[in-house]
Amino acid sequence: MPKRELPSRRRLAAAIAWLAVAVQPTAAHDAGAATEPTADRPNVLFVSIDDLNDWVGVLEGHPDARTPNIDRLAERSVVFSNAYCTSPLCNPSRAAVFSGRLPTATGVYTNSDGDVRKARPDLKLLPTVFRDNGYATFGAGKLLHQSSRALFEEGFFPHLRWSPFDPRQVKYEADELPRKGTEAQSHEATLAGRTVSLPLNGMPSDRNPESDRGESFDWGALPVDDAAMGDGKLTDWGADLLRREHDRPFFMAIGYYRPHIPLFAPERYFELIGAAERIPLPPFNREDLDDLGPYARRTALEADTAGAHRTVVEHGQWREAVKAYLACIAFIDAQVGELLDALDEGPNGRDTIVVLWSDHGWHLGEKQHWGKWTLWERSLHVPLMVALPGQPEHARGRREEAVSLVDLYPTLVDLCGLTDAPEQLDGQSLAPLLGRGALADSEERVALSMMRAGDYSLIDPPWHYIRYNDGSEELYDWRTDKNEWRNLAGERSYNSELERMREQLRDLSERTALEGVERAKRLASD
């Protein structure tokens with residue numbers, strides 16, 4: 001398959017085509033006729049971690065991050081230190097990864113927009129391309145936002161997503177419900193043989209104070225071992241497959257839930273992090289929101305995906321929440337370590353590409369926000385690393401270019417020599433940055449992210465430009481303001497840089513918006 005030419009910054013807009021190409025799935029290859037993995041047809045271990053920001057040792061995101069296994073993977077990888085999601089929410093981000101298309105093409109902007117397979121049945125998702133190229137496909141855990149068993153030949157999906165129990169399924173009794181949104185909120189439940197009062201953090205609900213459902217914005221240690229957690233079950237499943245011999249190359253996707261809320265993890269990981277009072281809080285500026293418009297301030301303060309910062313502070317839970325997030329990261333790091341051990345000890349280690357990524361970042365009080373669903377760096381920045389089998393040491397290390405998760409689809413198409421892949425993909429292959437192909441124009445990459453329709457972020461390090469659908473703007477210079485505390489969009493001395501970023505965004509947004517209009521017209525006429 002000929003390599004895709006990498007577009008320059010000016011040609012990047014043109015690379016996002018106006019109309020989607022419908023590609024019908026072809027029949028899967030006969031497994032008996034397939035060949036074993038080779039350098040040209042390597043296996044792929046595709047590891048997704050939900051809601052993981054850059055609090056990973058190799059990215060130096062928090063001094064108390066305990067991630068020796070992810071860091072071990074980083075040592076044999078190319079680490080993309082400026083990697084960003086296409087959308088700071090689970091469903092649209094994952095839809096983009098698995099379709100290779102931006103939300104403007106899929107129509108999936110929010111979690112409530114539904115399954116990308118129903119929104120765009122003409123799009124050929126990544127596992128299908130692998131299957132049609134003779135790969136065995138295995139998938140488990142949270143990959144798409146919805147159940148995705150049909151995409152894989154073998155899959156294991158634990159029903160206890162928040163195991164060992166799902167707080168969303170907790171039902172407040174009639175006599176308990178009046179207390180739910182108050183300081184006296186409590187619900188008695190049995191957890192691992194113990195009677196506990198939920199929520200464990202003792203905070204009232206900000207998002208669902210009148211609902212009889214349990215609260216997921218919660219944290220605490222659980223008296224269980226790793227195997228009791230859904231993520232522990234995923235690891236056991238994946239490690240078993242990695243230790244087996246396979247008669248054809250495989251694409252194995254494993255989607256870990258933690259550190260998604262509730263921030264529950266086995267006790268030993270809380271003990272590993274240590275006392276909460278000694279843990280540094282995230283950088284915080286009380287005047288941070290003063291130079292933002294009403295739309296952006298509302299985005300920061302509303303409890304859309306987690307809880308309100310004021311509630312966390314009033315209940316003295318900020319450091320406890322940070323500790324719980326770090327404990328969940330340490331728990332997932334241990335799971336990644338077991339997968340790597342199984343890969344290295346088994347027959348597949350020398351023939352397997354390992355990709356580790358997170359669907360979006362997560363705020364822990366920065367900009368007075370908790371959760372995701374913002375266009376600031378904290379919500380967009382994600383870990384992304386790719387380890388190629390046999391990659392020489394000099395070809396590993398950090399890359400500083402701005403890259404996007406939507407780049408993963410064309411990257412794997414190139415690295416694995418997949419045919420019958422869609423010609424229309426919105427990302428740029430990372431293969432040249434991995435030492436597989438020419439590096440022409442790679443330094444001109446930019447990362448486009450979006451929230452609601454009309455809400456855009458454009459990252460061209462060190463510049464970060466944001467435009468909201470109400471016309472308000474933000475501009476940040478990371479060389480002097482990595483925390484994004486000073487909005488330069490209203491300062492005259494930065495007008496030329498502001499206009500340059502506006503022009504780049506216009507080139508991109510006009511074409512993606514036009515594609516969305518044309519797609520809607522086509523669907524309406526069908």
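**Note on aromatic pairs and helix packing**

1. Phe251 has 0% relative accessibility and therefore counts as buried; the term means under 20% relative accessible area, with exposed over 50% and partly exposed in between (1.4 Å probe, protein chains only). Phe46, also at 0% relative accessibility, counts as buried.

2. The model is predicted, so local features require pLDDT of at least 70 and side-chain atom pairs count only at pLDDT 80 or more, whereas totals for chains, interfaces and linings use all residues. Numbering runs from 1 along each chain as its sequence is written, and side-chain values use heavy atoms, without hydrogens and water.

3. The chain contains 14 helices and 19 strands, taken as DSSP runs (helices H or I, at least four residues; strands E, at least two) and numbered from the N terminus. Of its 526 residues, 60% are buried. Among contacts (heavy atoms within 4.5 Å) with a separation of 6 or more, 74% join residues 24 or more positions apart.

4. Rings of Phe, Tyr and Trp (its six-membered ring) are paired if their centres lie within 6.5 Å; planes under 30 degrees apart are stacked, over 60 edge-to-face and the rest tilted. The count is 20 aromatic pairs. One of them is the tilted pair of Phe46 and Phe251, at 5.5 Å centre to centre and 40° between the planes. Because Phe46 belongs to strand S1 (residues 43-49) and Phe251 to strand S8 (residues 250-256), this pair ties together parts 205 residues apart in sequence.

5. Tyr325 and Trp362 form a stacked pair, with 5.5 Å centre to centre and 10° between the planes. Tyr325 is in helix H11 (residues 318-345) and Trp362 in the loop between strand S10 (352-358) and strand S11 (363-364), 37 residues apart. Both Tyr325 and Trp362 are buried.

6. A cluster linked by ring pairs comprises Phe46, Phe98, Phe130, Tyr135, Phe251 and Trp357.

7. Two charges sit over rings (NZ of Lys or CZ of Arg within 6 Å of the ring centre and within 35 degrees of the ring normal). The charged end of Lys367 lies over the ring of Trp376, 5.0 Å from its centre, and that of Lys482 over the ring of Trp478, 4.0 Å from its centre.

8. Helix H7 (residues 230-242) packs with H11 at an angle of about 10°, the axes being 8 Å apart; axes are lines fitted to C-alpha atoms, for helices over the stretch in contact, and angles run from 0 to 180 degrees between N-to-C directions. H7 and H11 are therefore roughly parallel (angles under 35 degrees; over 145 is roughly antiparallel, 65 to 115 roughly perpendicular and the rest oblique).
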